[in-house]
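Student: I would like a close look at one part of this protein. Please take me through its nonpolar core and the strands around it.

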Amino acid sequence: MTDQIIWTAITPVENIPPREGRAVNAGSQEIAIFNIGGRYLTIENKCPHKGGPLCDGIVSGTSVVCPLHARRFDLETGMAVRATEPACVATYPTKVEGGVIYVDLAGARKAYEDAAA
Ligand code: FES
């Protein structure tokens, strides 16, 4: 069995300003796409703590700080950074082609599953 990647066109790159994130409703999923200096990274938009909208967080390097209670998540791995307990958001394969951002919506990966989830 092979894992087939199905790329979904999401938005032109100019809709995601540098060092910011934007929420996108894609089917039943809400994702957040971030522009890290012209590189685009996608995570689920819901903070595992209390559901904060990560798209509205402050971007620093390759991490984002949740706007509600300031937990920091690595945008590449989805892992909480310097957290007192492990936590993680899903990451999605993302690419740019012809100035359009594509995401593999079925390719969500979590580096860590919350025991309480
Ligand atoms: S909801 Fe994100 S840190 Fe609390």
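Tutor: We start with the whole chain, then go to the core, its strands, and a contrasting spot.

This is a predicted model. The protein chain has 0 helices and 11 strands. Along its principal axes, the C-alpha trace spans about 40 × 40 × 20 Å. Is the chain's radius of gyration in agreement or disagreement with that of a compact globule? With 117 residues, such a globule would have a value near 13 Å; the protein chain has 14 Å, so the two agree. Of the 117 residues, 32% count as buried. Take the contacts with a separation of 6 or more: 41% of them join residues 24 or more positions apart.

Now the core. The largest nonpolar core holds 24 residues. Seven names stand out for touching the most other members: Ile-31, Ala-32, Ile-33, Phe-34, Ile-43, Leu-54 and Phe-73. Which strands supply at least two residues each? They are strand E3 (29-36), strand E4 (39-44) and strand E11 (100-104). E3 gives the largest share, with 4 residues.

Look at Phe-34 in detail. Leave out residues up to four places away in sequence. Phe-34 then touches Gly-21, Tyr-40, Leu-41, Val-59, Val-64 and Leu-75.

Next, see how E3 and E4 are joined. They run antiparallel, with 6 bridges between them. In this pair, Ile-33 of the core stands opposite Thr-42 in E4. The two strands form a hairpin, and 2 residues lie between them. Gly-37 sits in the turn, with a positive phi of about 60°. E4 itself is mostly covered: 5 of its 6 residues are buried.

E4 has another partner. Strand E9 (residues 91-92) pairs with E4 through 2 bridges, again antiparallel. Here Ile-43 stands opposite Thr-91 in E9. Ile-43 is also among the core residues that touch the most other members.

Now move to another sheet. This one is open and has 4 strands, in the order E5-E6-E7-E8, with antiparallel pairing. Strand E5 (58-60) and strand E8 (80-81) stand at the edges. Each has a single partner strand, so one side of each is left without a neighbour in the sheet. Further in, strand E6 (residues 63-65) and strand E7 (residues 72-74) are joined by 3 bridges. Val-65 stands opposite Arg-72 in E7. Remember Phe-34: its contacts include Val-59 and Val-64.

Finish with a contrast. Ala-111 is found in the segment after E11. Is Ala-111 buried or partly exposed? Count the other C-beta atoms within 10 Å: there are 14, so Ala-111 is partly exposed. A buried residue needs 20 or more. Leave aside neighbours within four places in sequence, and Ala-111 is in contact with Thr-77, Gly-78, Met-79 and Cys-88. Asn-15 is another matter: Ala-111 and Asn-15 are 96 residues apart in sequence and 28 Å apart in space, C-alpha to C-alpha.

Key: Residues numbered from 1 in each chain as written. Predicted model: local features only at pLDDT ≥ 70, side-chain atom pairs only at ≥ 80, totals over all residues. Core = buried A, V, L, I, M, F, W, Y, C linked by C-beta atoms within 7 Å. Buried ≥ 20, exposed ≤ 12 C-beta atoms within 10 Å, placed from the backbone. Contact = placed C-beta atoms within 7 Å. Pairing = 2+ DSSP bridges. Rg over C-alpha atoms; globule rule 2.2 N^0.38 Å.
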